[in-house]
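Visitor: Hi! Could you walk me through a bit of this model?
Guide: Happy to, let's look at it together.

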Amino acid sequence: MKEAFRLAFYGKGGIGKTTVCCNVSAMLASRGYRVLHIGCDPKADSTRLLTAQRIPNVLEQMARLGGDIKISDILFPGKQDGLFCIEAGGPKAGTGCAGAGISAMNELLHELDLFEMGWDVILYDVLGDVVCGGFSVPMKGEYVDKVFVISSSEYMSVYAANNILQAVDLFSYHDSCLFGGIIWNHCQTDWDRELADSFSQLTRAEVIAYIDEWQELQRYDYAKKLIVQEQKPEKLWNQFSDLTDRILQRQQMTDQQKRIAPCSMVQLEEWREAISRWNGK
């Protein structure tokens with residue numbers, strides 16, 4: 001059986017990570033790939049754009065059904081042909097460890113042989129930062145081939161991106177690198193791109209896509225629509241089509257790519273100070 005290309009997307013909450021992930025999954029499915037999209041957020045909202053209605057999450061179903069759980073209880077078709085969705089779920093706010101939910105979900109998926117269903121692409125959409133070991137589970141080599149980091153020009157987003165890069169480097173093997181690329185979202189001006197390039201040079205982490213600030217994308221988000229359903233405006237569709245191409249190219253790359261070099265806290269603060277003195281391009 002062919003092996004799936006396994007991806008994980010990480011980034012600070014609130015910067016459009018899930019919107020990007022959902023549209024990439026839909027774009028892949030529209031090209032004929034068989035895609036499994038796994039949401040790893042205790043809010044269980046990663047698949048909201050991909051399914052006709054909210055789907056039960058794994059932890060809910062485990063609590064309701066106990067040991068008598070079937071694939072059909074947790075795997076649901078998306079709006080795009082060839083796209084299927086799972087939500088890990090998690091405890092209510094303030095009541096437990098969300099990372100533990102991801103670990104429990106992965107154990108169940110292995111027990112059900114769900115990863116052996118002929119997927120072309122398996123995509124994890126993971127909550128925010130990775131200070132919790134549970135959220136790092138998809139990043140570990142046995143689960144993913146490449147990790148993509150989504151950031152914006154907001155400093156705390158960059159701060160989180162650097163933390164994620166540290167974890168990516170930690171879990172990379174000596175002869176390979178899990179890093180797939182940085183996706184820089186909400187690019188409104190040349191300054192955003194210059195800042196992205198500066199951070200990329202600092203960390204030796206390539207930016208593979210710059211996503212513009214799109215009012216249309218926000219409208220699609222509220223309307224629960226996907227770019228592949230609308231295919232307009234053309235430049236927006238092309239940006240996500242090009243991003244999908246770049247992601248797929250990472251599958252063909254050899255493992256001998258250069259290792260990234262995440263910053264120490266001191267280096268990142270020095271970089272921030274330098275950026276603060278830019279002349280407002």
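Visitor: What do the buried residues of α9 pack against?
Guide: They pack against α4 (155-171) and α5 (190-203), where contact means heavy atoms within 4.5 Å. Helices here are DSSP runs of H or I with at least four residues, strands are runs of E with at least two, and both are numbered from the N terminus. Bear in mind that this is a predicted model: local features need pLDDT of at least 70, side-chain atom pairs count only at pLDDT 80 or more, and totals for chains, interfaces and linings use all residues. Residues are numbered from 1 along each chain as its sequence is written, and side-chain values use heavy atoms, leaving out hydrogens and water.

Visitor: Which residues of α9 are buried?
Guide: Leu-268, Trp-271 and Ile-275. Buried means under 20% relative accessible area, exposed over 50% and partly exposed in between, with a 1.4 Å probe and protein chains only.

Visitor: And which are exposed on the other side of α9?
Guide: Val-266 and Glu-270 are exposed there.

Visitor: Which residues of α4 meet α9?
Guide: Tyr-155, Val-158, Tyr-159 and Asn-162 in α4 do, and their partners in α9 include Trp-271 and Arg-272.

Visitor: New topic: where is Arg-204?
Guide: Arg-204 sits in the loop between α5 and β8 (207-212), and is exposed, with a relative accessible area of 56%.

Visitor: What does Arg-204 contact, leaving aside its neighbours within four places in sequence?
Guide: Arg-204 is in contact with Arg-259, Ile-260 and Ala-261. The C-alpha atoms of Arg-204 and Ile-260 are separated by 5.0 Å, though the two residues are 56 residues apart along the chain.
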